[in-house]
Every structure is written in structure tokens, then in C-alpha cells.
Amino acid sequence: MDERLGLRERKKRESRRRIADIASGLFIERGFDNVTIAEVAEAADVARMTVFNYFPRKEDLFLDRHADLVEDLKRAIRARETGESVVAAVRRHLHELLATQHPLSGARDGSEFFYQIVDASPALVRRTLEHTREMADALTELLETEVGPGMQAAVVANLIATAVTIVPRVAVDKLIAGQPGEQVRREQADVIDQTFDLLEGGIANYGS
């Protein structure tokens, strides 16, 4: 039974990724606001309702990696070593994204085109702001379980969510400005450390 459930879940993830990739191609080619859900469904050869089942909002078709980011952050926090703070665990995770040139690092060549599409669509800009709030809410819930309830969990979660949102944007803005990718990636390690040094100056021992 567990194996069948695992296979089913894997197929669902593959279908979700396939639809999102097809949608992203259309958005890049024609602009986000010029593509309908019906056109995405037709291109993916699925029913319109199937698209909505995976992506209740059109914006999430293009911003589909947000859910992965939140889950990966939660996993990094849960897996932190004894004595390691929550902030240190998130810092380490962002360095890992950078080292592998993960799309979520913002420092991967081509990331600037993705963000330019986001910036050109008011709907996508609004959704990214909502994503930051949703990330903070998810992390608050986790920290209340991991460390304990109280105002501190919400404060730390919101600070982390803001930092995780800002850090990749720094790299993207440099790429948009024409800075070579290799230079951006070299400098981005310092951006991560400067950001989390600032956080740790006030909450270094939280969750350790």
C-alpha cells in the first residue's frame, strides 16, 4: 500500500511539474497576462479542471516553486543539528541553494528573465507578496511546534521569510543590470552571510 501511495504521489508531482513547465513556456513567450488557463490546459493536453486541481490560482502556475521553497525550509529547520539555531539552519540552506545554482537561489543564469516577467505583471507581484506572508505563517506554525508558542516564533518566522525573499532578489537585480553570472554568484555568498549576520545579531541563539 505504501509503495502504491508513493508511486501515485510521484506521478502527481510529475504531472504538476509538467503542467507548470508548459505554462511557464507560454508565459515567457507571450507574457503572463496574455495566456489563459484554457490555453495552458490545451497545450498540456489536460482538462481545464485538472489545471485548477493542481493550481487553484493562475499565478501559482508560474510561481510553482514557492511550495518547494517552503517545504525545503521547514525540512532544513527540522533537520538542524543539536545546538544549531533556526537562523543558522536557514543560512546553511541558502548557501546550499547557491552552491548548486538552484533556481530559487536567484543567482542562476537566466533567473533575471523569470523575475522580469513577474515584475511586468501586477498580479504576479501581488502573489509574491502573499507568498512571503504565507511562508511566514508556515514557519510560525513550525517554530511554535519546534521551539515553543509565543510572540517570538512569529517574529523570527517573519524575519526569516523576509530575508529568504530579499536575498535572491539581490542576485537577480545584479543579473538584470548586466553583471556576469560568475561574479554575481561569488558575491552572493557574502550577501547571504551579511543578511544572516544581521539576523543573528539579535536572534542568534533562538531555537538552539
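Guide: The protein is assigned a domain 1 (1-56) and a domain 2 (59-201), with bounds that come from an automatic or database domain assignment. This is a predicted model, where local features need pLDDT of at least 70 and side-chain atom pairs count only at pLDDT 80 or more, while totals for chains, interfaces and linings use all residues. Residues are numbered from 1 along each chain as its sequence is written, and side-chain values use heavy atoms, with hydrogens and water left out.

Visitor: How many residues does each domain bring to the contact?
Guide: Domain 1 brings 14 residues and domain 2 brings 13 residues, where contact means heavy atoms within 4.5 Å. The centres of the two domains, taken over C-alpha atoms, are separated by 24 Å.

Visitor: What area do domain 1 and domain 2 bury between them?
Guide: About 1,100 Å², with 66% of it on carbon and sulfur atoms. Buried area is the accessible area (1.4 Å probe) that two parts lose on being put together, summed over both. On the domain 1 side, Arg 17, Phe 32 and Phe 55 lose the most area to domain 2, together 47% of what that side buries.

Visitor: Why is the pair Asp 64 and Arg 17 called a salt bridge?
Guide: The term asks for a side-chain nitrogen of Lys or Arg within 4 Å of a carboxyl oxygen of Asp or Glu. Across the interface of domain 1 and domain 2, the rule finds two salt bridges.

Visitor: Which helix gives the most to the side of domain 1 that touches domain 2?
Guide: H1 does, with eight residues. Helix H1 (2-30) and helix H2 (37-44) each supply at least two residues of that side; helices here are DSSP runs (H or I, at least four residues), numbered from the N terminus.

Visitor: What makes the contact of Lys 174 with Glu 187 a polar one?
Guide: A polar contact is a pair of N or O atoms within 3.5 Å; within protein, one must be able to donate a hydrogen and the other to accept it, and residues adjacent in sequence count only if both atoms are side-chain atoms. The side chains of Lys 174 and Glu 187 make such a contact at 2.8 Å, so the distance falls within the limit. Lys 174 is found in helix H9 (residues 151-176).

Visitor: Is Thr 140 buried or exposed, and how do you know?
Guide: Buried means under 20% relative accessible area, exposed over 50%, and partly exposed in between (1.4 Å probe, protein chains only). Thr 140 has a relative accessible area of 13%, so Thr 140 is buried. Thr 140 is found in helix H8 (residues 122-146), and touches Ala 153, Ala 154, Ala 157 and Asn 158, not counting residues up to four places away in sequence.

Visitor: Why is Asp 45 given the label it has for accessibility?
Guide: Asp 45 has 69% relative accessibility, so Asp 45 counts as exposed. Asp 45 lies in the loop between H2 and helix H3 (48-54), and has a positive phi of about 60 degrees although it is not a glycine.

Visitor: And what label does Gln 101 get?
Guide: Gln 101 counts as partly exposed, because its relative accessibility is 32%. Gln 101 also has a positive phi, of about 55 degrees, although it is not a glycine.
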